[in-house]
Amino acid sequence: LSTSLLVLPSIRALICCSHFPRADCSSRSFWACCAPWAPYISPTTDTFDQLRQRSPLLLFCLLAVSSRFHDNPAFAHFAEQQALTHMRNTLYSTEPPKLADLKGSLLYNAWMSRGAPPGHSVSLALQLELPGSLKKLISALALPMQQAKQAFEAYMPSVRTWLSLYCQEIW
């Protein structure tokens, strides 16, 4: 199954229905309360508007976590069911995983429960070749300053996610 084919209805449901204001509020709550404990989620690249466009899995995982602290159980249930649907789609997808897929899986598993079978996050990380990202980042330190800076920007999201996965799943 292609995850892109399964994404559109849930995003339309979020954008076109009464859930949108709650989603925006939950997203802001996440950054205020939950983000410090999820260092692999970036406030510059994983914003509500950006995730609506590129990563429904991470968006709904973020909303599922943050909506638990609000007084709308219907929205919390909606966000959690959408997160689980998108996470489980990564099990049988013909598309290669994205870093955002792994971030969503890590976030959901850390705050909610297991959304996918044990080891699935590690499988996603291996498909993304994350174990080698730390080595690449360290070797980039020998490069000239401008290239090292570019390497840092390129590899740090993967390194941060890999180390978080290691602490959460493997350690």
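Modeller: In what follows, Ala, Val, Leu, Ile, Met, Phe, Trp, Tyr, Cys and Pro count as nonpolar, Asp, Glu, Lys and Arg as charged, and the others, Gly among them, as polar. The model is predicted, so local features need pLDDT of at least 70 and side-chain atom pairs pLDDT 80 or more, while totals for chains, interfaces and linings use all residues. Residues are numbered from 1 along each chain as its sequence is written, and side-chain values use heavy atoms, without hydrogens and water.

Biologist: OK. What classes line the second largest pocket?

Modeller: Six nonpolar, three polar and three charged residues. A pocket here is an open set of points on a 1 Å grid where a 1.4 Å probe fits, with protein on both sides within 12 Å along at least five of seven lines, and lining residues have an atom within 4 Å of a point.

Biologist: Which residues line the second largest pocket?

Modeller: Pro39, Tyr40, Ile41, Ser42, Thr44 and Thr45 are among them, and so is Lys103. The lining also includes Phe152, Glu153, Met156, Pro157 and Arg160.

Biologist: Which helix gives the most to that lining?

Modeller: Helix 9, residues 145-170, with five residues. Helices are DSSP runs (H or I, at least four residues), numbered from the N terminus.

Biologist: Switching topic. At what angle do helix 4 and helix 6 cross?

Modeller: Roughly 20°, and the axes of helix 4 (residues 56-67) and helix 6 (residues 99-111) come within 8 Å. Axes are lines fitted to C-alpha atoms over the stretch in contact, with angles from 0 to 180 degrees between N-to-C directions. Helix 4 and helix 6 are therefore roughly parallel (under 35 degrees).

Biologist: Which residues make the contact?

Modeller: Helix 4 uses Leu57, Leu58, Cys61, Leu62, Ala64 and Val65, and helix 6 uses Ala100, Asp101, Lys103, Gly104, Leu107, Tyr108 and Trp111. Contact means heavy atoms within 4.5 Å. By class, that is ten nonpolar, one polar and two charged residues.

Biologist: And how do helix 6 and helix 7 pack?

Modeller: At about 160°, with the axes of helix 6 and helix 7 (residues 120-127) 10 Å apart. That makes the two roughly antiparallel (over 145 degrees). Asp101, Leu102, Ser105, Leu106 and Asn109 of helix 6 meet Ser121, Leu124 and Ala125 of helix 7. This contact has four nonpolar, three polar and one charged residues.

Biologist: How far apart are the axes of helix 4 and helix 5?

Modeller: 8 Å, at an angle of about 145°, with helix 5 spanning residues 73-89. By class the contact has twelve nonpolar, three polar and one charged residues.

Terms used:
Parallel < 35°, antiparallel > 145°, perpendicular 65-115°, else oblique.
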